[in-house]
Amino acid sequence: MILSETTDLCFRVRGGPELEFQVYDSTESDVKTALSASVKELSAKVRSESLVFGVRSSSLYIKLNCIFGMFSPELSDNTPCKGIQQFIKPDTADTSLQYSNKKKDKKISTTGIINLDLMFEMTRPPVSCAPAITKNNRRHHNVNMTLPIDVVVFISPDEPLGELRNILVKSVCCQLDNMEKCMMEYMKGTAVPKPQPFHFQLPGQKYLSTIIYPAGIPDNQLESFRKDLHTQLGLPVDRPYLRRSNAYHFPNERYGDGFLRNPHIYLNHPVLENSSLHLVRGTYSYHHYMQDRVDDNGWGCAYRSLQTICSWFRHQGYTDKTIPTHKEIQQALVSVGDKPPTFVGSKTWIGSIELQLVLNHLLGVTSKIIFVSQGSEVASKGRELAYHFDTEGAPIMIGGGVLAHTILGVTWDETTGQTKFLILDPHYTGDEDLQVILEKGWCGWKGPDFWDPNAYYNLCLPQTPKVI
């Protein structure tokens, strides 16, 4: 989370200014000339006195020449930025982002993010002038596009508001310039693509990086552009960092599908002497019994574990395919010849071997299988599991008897071999209640005795493709 890595305030500016221009000659050159002139006019408007930044959840407005709002007479250009926070009403609408336990407060604080609306004053000082009407008989067509401005600025809490305003204006104008470049680069004839900003939290950086992508052009057609960005930013070229699905998700925004993301980040991880911590890398969604209006209680745990793994590959940008349903998983096994056609629609349990086949068939992902003859030996695989999380980072499915679980991490002592497991349990049947899930141990740390000593286990370790 960006707020845990920096004490700076994050100002996020969003708005939809209209880009409008007329084209008289339907040539690409003419469109580019008109487009460039229109963006320059819009940038000039941003720098004008009509610009207003509205502070969300407050009555504050920031203009080029003043800061005004109810009950805020003490704010001025010299007021530190942190002075704004006292006028912002806390957002209590989304309680799914809150959790606390007795050991440590685990509530995500969103007070470090200050949301601003980009607006323009509609009223103008009265000017004495006579009305005029002009007529142009030349053939032309109008281009009208709402630009989705989304600017993120990090600034010290002690920086004066006057300096903040200058930085915000420069940042919005900079994004307009980058949007113009994007539209120019990906124009096809006279068709102008809509630019869309995405924010990314890259490894080794505490601030966000913003990339402008053209709407309507899929990620697989932007690979050469991403390769150049990977080189410029010093990113590895064996995994995706800049696909749209890699974009940073702000903590005060809901996901539209209703699934919980990364419940394990709210846990206190065990502290064992001489042990090391190895965790799943990135984002996943928690899939468990009774979701999607499917009653799979007693037989669908491996299906749910597979859905969690598929969500991880989707969130990390390895695939844009949707999370497979139970029937789609069953159909995949039929398609590869592992099951008969009557298997589709059944309530038959599957295991790690089947998961390996489905991942390969649906996502093109290969997997490593580890066989363990009895539950008491699972802890002996601590070194291999730690290496998997350090190098691949994907969740692991483990199946034994008629039960399946998802492993999200391990603590491992290289000297003694002592191992603990971070388990995401697909057998949960309740609502998406984070507090219940954590307090009841549906997502939590388990010792070696968690595994049935009389059952054999197969572990499916998905391997990440070498792509960007």
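Modeller: Happy to! Two strands count as paired if DSSP finds at least two bridges between them. Keep in mind that this is a predicted model. Strand S3 (residues 51-55) and strand S4 (residues 61-63) run antiparallel and are joined by three bridges. Now widen the view: S3 and S4 belong to an open sheet of six strands, ordered S5-S4-S3-S6-S1-S8, with mixed pairing. At its edges lie strand S5 (67-68) and strand S8 (149-155), each pairing on one side only. Helix H2 (residues 161-185) packs on this sheet, where it touches strand S1 (9-15), S3, S4, S5, strand S6 (113-120) and S8. The direction of H2 makes about 140° with that of S8.

H4 and H5 pack with their axes 10 Å apart, at an angle of about 95°. Angles of 65 to 115 degrees count as roughly perpendicular, so that is how H4 and H5 lie to each other. On the H4 side, Tyr303, Arg304, Leu306 and Gln307 meet His326, Ile329 and Gln330 of H5. By type, the residues of this contact are three nonpolar, three polar and one charged. Just after H5 comes Gly337, which takes a positive phi of about 85°.

Key:
Residues numbered from 1 in each chain as written. Predicted model: local features only at pLDDT ≥ 70, side-chain atom pairs only at ≥ 80, totals over all residues. Heavy atoms only, no water. Helix = DSSP H or I, 4+ residues; strand = E, 2+ residues; numbered from the N terminus. Contact = heavy atoms within 4.5 Å. Axes fitted to C-alpha atoms, helices over the stretch in contact; angles between N-to-C directions. Parallel < 35°, antiparallel > 145°, perpendicular 65-115°, else oblique. Nonpolar A, V, L, I, M, F, W, Y, C, P; charged D, E, K, R; others polar.
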